[in-house]
Amino acid sequence: MKGKVVLITGANGGLGTHVTQAFLAAGASVIGTSRKIQQSDFKSPGFTAMPAELSTRESAAALVDEIVARFGRIDVLAHTVGAFAGGQSIAETDDATFRRMFDLNLNSAFYVLRAVLPAMRKTPNGRIIAIGSRAAVDPGAGVGAYSASKAALVSLIRTVAAENKDVGITANVILPGTMDTPTNRKVIPNADISKWVQPANIANLILWLASDAGVDVNGAVIPVYGKEA
């Protein structure tokens, strides 16, 4: 990854922290963004914190414009932003919850992709990796808004893969099962954590997809379910 410019959204989150560390360890120049990220979150000289709100077209465009102005290009986008809401049937789901799931799990991806792609199409062999969810293809009761938003993200990423293969860009989406993050440990306290997916393993997969070795993988929907499969 030496010489590569990598944008990681949700860079200081439960998964994003591992992704950021993996790319930094591989020698990339990493721009990490989230609402509250700070330069002190990562000690590496290869890290640059750029706080941003990705819920609007304007904020996503401003972030990408700043990155291109400072670094010249974007080689890799690792989109880890997302949120979960559950516990309600479709009949019980309120408008605010439904909108929130689509804002955080789909619209944020759309805005950052629309901003990144014009710049990335000028860079040979760009890489896009997004984090979906097993619920996108295996929905369960009580998580309809979440599942629908993640399923839409899968369609969005596969469309990006089809539209940009002409310039060597690959776009893939990873579907993790339950991940072993501090948040999940807190909200599911009695679970068998040994069955959960380790975030570091997802980070290593993202790193591989972004590498030269991953050049032939495009439009893939990759299940990573751990021992819950």
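Biologist: Is the crossing of α2 and α3 left-handed or right-handed?

Modeller: Please bear in mind that this is a predicted model. The handedness of a crossing tells which way the near helix is turned from the far one. Here α2 and α3 cross in the right-handed sense. Helix α2 covers residues 57-71 and helix α3 covers residues 95-120; they pack at an angle of about 30°, and their axes are 8 Å apart.

Biologist: Which residues of α2 and α3 make the contact?

Modeller: From α2 come Arg57, Ala60, Ala61, Val64 and Val68, while α3 contributes Tyr111, Val112, Arg114, Ala115, Val116 and Ala119. Sorted by class, this contact holds nine nonpolar and two charged residues, with no polar ones.

Biologist: Let us turn to the pocket. How much space lies in the largest pocket, and which residues lie nearest its centre?

Modeller: A pocket is an open space with protein on both sides. The largest pocket in this model holds about 1,400 Å³. Its lining is made up of 47 residues, and those nearest the centre are Gly82, Ala83, Phe84, Tyr146 and Met179. Two or more lining residues come from each of α3, α4 (144-164) and α5 (182-187).

Biologist: Which element gives the most to that lining, and how does the lining divide by class?

Modeller: Helix α3 gives the most, with five residues. The lining has 17 nonpolar, 21 polar and nine charged residues.

Biologist: How many salt bridges does the structure hold?

Modeller: A salt bridge pairs a side-chain nitrogen of Lys or Arg with a carboxyl oxygen of Asp or Glu, within 4 Å. The structure holds seven. One of them joins the side chains of Arg35 and Glu53, at 2.8 Å from N to O. This pair links distant parts of the chain, 18 residues apart: Arg35 is in the loop between β2 (29-33) and β3 (47-49), and Glu53 is in the loop between β3 and α2.

Biologist: Finally, where is the place of Asn184, and which residues does Asn184 touch beyond four places away in sequence?

Modeller: Asn184 belongs to helix α5. Leaving aside residues up to four places away in sequence, Asn184 touches Thr178, Met179 and Trp196. Met179 is also among the residues nearest the centre of the largest pocket. Between Asn184 and Met120 there are 64 residues of separation in sequence and 34 Å in space, C-alpha to C-alpha.

Note on methods
Residues are numbered from 1 along each chain as its sequence is written. This is a predicted model: local features need pLDDT of at least 70, side-chain atom pairs count only at pLDDT 80 or more; totals for chains, interfaces and linings use all residues. Side-chain values use heavy atoms; hydrogens and water are left out. Axes are lines fitted to C-alpha atoms, for helices over the stretch in contact, and angles run from 0 to 180 degrees between N-to-C directions. Helices (H or I, at least four residues) and strands (E, at least two) are DSSP runs, numbered from the N terminus. Contact means heavy atoms within 4.5 Å. Ala, Val, Leu, Ile, Met, Phe, Trp, Tyr, Cys and Pro count as nonpolar, Asp, Glu, Lys and Arg as charged, and the others, Gly among them, as polar. On a 1 Å grid over the protein atoms alone, a cavity is a set of points where a 1.4 Å probe fits but cannot get out, and a pocket is an open set with protein on both sides within 12 Å along at least five of seven lines; lining residues have an atom within 4 Å of a point. Grid points are joined across faces, edges and corners, and a volume is the space filled by probe spheres set on the points.
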